[in-house]
Amino acid sequence: MSTTADRTAASDLTLDTRVVADLLDGRWGTYRRQVRDLMLDERLRRQENLSVREHRDRVLEQARYLVELDVVNRAFPERLGGHDDPGGNLAGFEELVVADPSLQIKAGVQWGLFGAAILHLGTEKHHDRLLPGAMDLSVPGGFAMTETGHGSDVAAIGTTATYDPQTEEFEIHTPFRGAWKDYIGNAADHGLAAVVFAQLITGGVNHGVHAFYVPIRETGPDGAAGEFLPGIGGEDDGLKGGLNGVDNGRLHFDHVRIPRENLLNRYGDVAADGTYSSPIDSPGRRFFTMLGTLVQGRVSLGGAAVVVAKMALATAVRYGNERRQFTGADEDVETVLLDYQQHQRRLLPLIARTYAAQFMHNQLGQRFDEVFSGEHDSDEDRQDLETLAAASKPMSTWLALETIQQAREACGGTGYMAENKFVTWRQDMDVYATFEGDNHVLLQLVGKRLLTDYGREMATMDVAGAVRWVADRAVDMTLHRTPLRRAAQSIQDGGSRARSAGEIRDPEAQRELLEDRVESMVEEIALALRAGKGAPADVQQALFNSHQHDLIEAARAHAELLQWEAFTEALGGIRDDQTRKVMTWLRDLFGLVTIEKNLAWYLINGRISGQRARTVTSYINRLLPRLRAHAGSLVEAFGYTDKHVGAVIGSGVEGQRQREAREYYRRRRAAGQEPVSEKSQKKR
């Protein structure tokens with residue numbers, strides 16, 4: 001079938017955007033859309049050309065307005081004015097990025113980090129005493145975990161909290177410059193308090209990192225932040241590459257004393273006499289449990305990144321449907337940008353990836369709500385949530401950055417104008433790839449979990465199972481790693497290209513290819529590391545380091561498999577045949593582009609033949625014109641109108657200009673005022 005015929009047949013189908021929008025917006029879709037529309041309020045919209053000071057002050061006032069609108073406290077206890085709705089809170093919070101990413105991050109610092117730390121690491125006495133100020137923003141607060149010398153390695157931070165039983169106080173101290181708290185939101189200007197993470201020391205024993213509520217500034221007569229309290233110092237981080245509406249700064253402490261009751265003691269407590277106790281005996285498990293309670297920041301950043309990817313694609317696709325460049329078969333009519341295959345190649349796979357990322361994020365949001373509502377809140381549930389969040393956030397934030405860049409380029413020079421959002425989105429979203437966990441570090445965590453699960457599976461295998469595994473592995477080596485498999489597959493594929501195409505669009509074939517890559521990569525790393533078992537620690541560390549990149553790539557492959565599975569599961573909720581068909585094409589595009597990207601691995605490891613590899617690309621090229629017919633509807637289903645996005649292009653302006661130009665030339669030609677082209681003259 002030709003691409004023209006493909007597009008003609010596809011255009012006869014109708015995509016029900018309401019059905020797709022409900023799938024995308026998920027369980028809390030009604031509230032998500034409500035908050036999205038609240039972001040149309042001019043009081044919340046970003047204003048360009050503000051100074052850093054003006055931007056910070058405006059974002060603070062906007063955050064106070066969010067309190068009035070009751071959109072930031074849904075996760076907090078109902079008895080304190082919240083809604084006990086962790087999942088809904090997350091969904092609404094992600095939509096704040098529509099108005100201004102700085103506002104979203106400011107809200108995240110205040111309610112998702114500072115307030116959430118009090119809620120999840122403190123006990124009821126802390127909730128009653130400290131949460132009201134955090135919730136109503138009468139006490140702007142910071143989340144002082146990261147240090148200049150230690151970012152992702154939280155366990156190694158240098159700040160100490162030493163208990164003095166004589167006064168029943170903790171002494172908070174930063175003993176060297178690298179222990180200063182850094183990049184802390186609300187630290188530069190607005191913060192009155194902070195949740196400070198420090199090494200808890202009592203009776204000469206270091207019990208590891210714990211959280212403490214520490215007032216940091218005086219409160220002025222108007223409630224505004226005044227000077228630092230005695231023993232506390234800090235400085236502004238200064239101009240950043242983006243998010244300049246957030247007042248990031250540094251904090252340091254010189255033997256600052258706080259009462260014993262300011263230890264947020266849900267997971268570790270100190271009695272008046274200095275005796276330490278914890279409901280979790282293992283220091284390692286205690287540390288990861290405490291950090292795990294704060295996973296919502298990681299979850300919400302990934303969700304917000306997908307929102308920005310949607311807005312960028314909505315703008316680029318709408319512009320691509322309006323903008324015309326270069327004449328085609330009709331020398332008097334220029335071709336719409338989105339009719340060019342390369343334009344489709346750069347945008348349509350990104351649409352597919354954005355859908356896949358959102359569907360995976362919906363599953364993550366569901367899992368998050370189950371854990372924090374108490375519905376499913378075991379240690380295993382929390383570990384699964386943390387692993388899923390660590391897999392999702394890198395994929396979503398990298399997707400946003402790639403999408404912004406490709407969409408900007410797809411809009412040419414006009415995409416570079418600040419009024420069309422791409423440039424400021426890129427500036428603001430850049431840091432999403434490194435805060436709340438550097439993406440590569442997060443994927444390493446996922447990779448370690450994959451290795452752990454593999455090891456457990458092997459450890460529980462009985463003798464018969466081990467024998468079968470060895471036999472299966474021998475068969476795998478024979479079939480996949482020698483020319484025999486590749487030759488057999490080439491012969492099979494050579495009979496019919498159509499049959500080969502039919503096989504790769506089979507969801508089970510796609511699943512097998514995606515799944516096999518993950519399992520094979522993890523197994524190969526595990527076997528390599530097993531060879532170093534029993535060796536000295538430095539040898540084992542060097543061996544692990546030599547496979548670190550492979551481990552991260554395996555984790556990335558695992559995340560892509562999870563996205564494909566989430567997309568496939570979402571298809572099951574579509575009852576309309578035509579809508580399901582179009583969405584299945586989009587799922588296939590996601591799966592096949594993912595396979596195409598890794599064709600080298602599949603070829604080297606004998607998982608796919610050269611013939612089938614060519615079929616992957618050729619079938620992608622057949623999907624493009626089919627989906628091009630529905631590109632406008634696919635981005636419409638995102639739910640972001642030109643008013644939500646706020647860009648000038650993609651709002652019909654370009655289409656109107658193009659229509660005016662065509663009408664101008666039509667009238668001139670009709671009146672004989674337009675010169676005849678040299679090509680037309682020769683035809684005559």
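So, which residue in β5 does F143 stand opposite? It's V195, and I'll come back to that pair.

Quick housekeeping: this is a predicted model, where local features need pLDDT of at least 70, side-chain atom pairs count only at pLDDT 80 or more, and totals for chains, interfaces and linings use all residues. Numbering starts from 1 along each chain as its sequence is written, and side-chain values use heavy atoms, with hydrogens and water left out.

The protein chain has 26 helices and 15 strands; those are DSSP runs, H or I of at least four residues for helices and E of at least two for strands, numbered from the N terminus. Of its 684 residues, 52% are buried, meaning under 20% relative accessible area with a 1.4 Å probe, protein chains only.

Back to F143, then. F143 sits in strand β1, residues 141-144, and points one way along with G141, while G142 and A144 point the other way. All of them are buried. β1 runs parallel to β5, residues 193-202, over 4 bridges; to count as a pair, two strands need at least two DSSP bridges.

Now the helices. α5, residues 86-94, packs on α10, residues 341-372, at about 140°, axes 8 Å apart. Axes are lines fitted to C-alpha atoms over the stretch in contact, and angles run from 0 to 180 degrees between N-to-C directions. Who touches whom? P86, G87, L90 and E94 in α5 meet H361, F368, D369 and F372 in α10, contact being heavy atoms within 4.5 Å.

Note on methods:
Buried means under 20% relative accessible area, exposed over 50%, partly exposed in between (1.4 Å probe, protein chains only).
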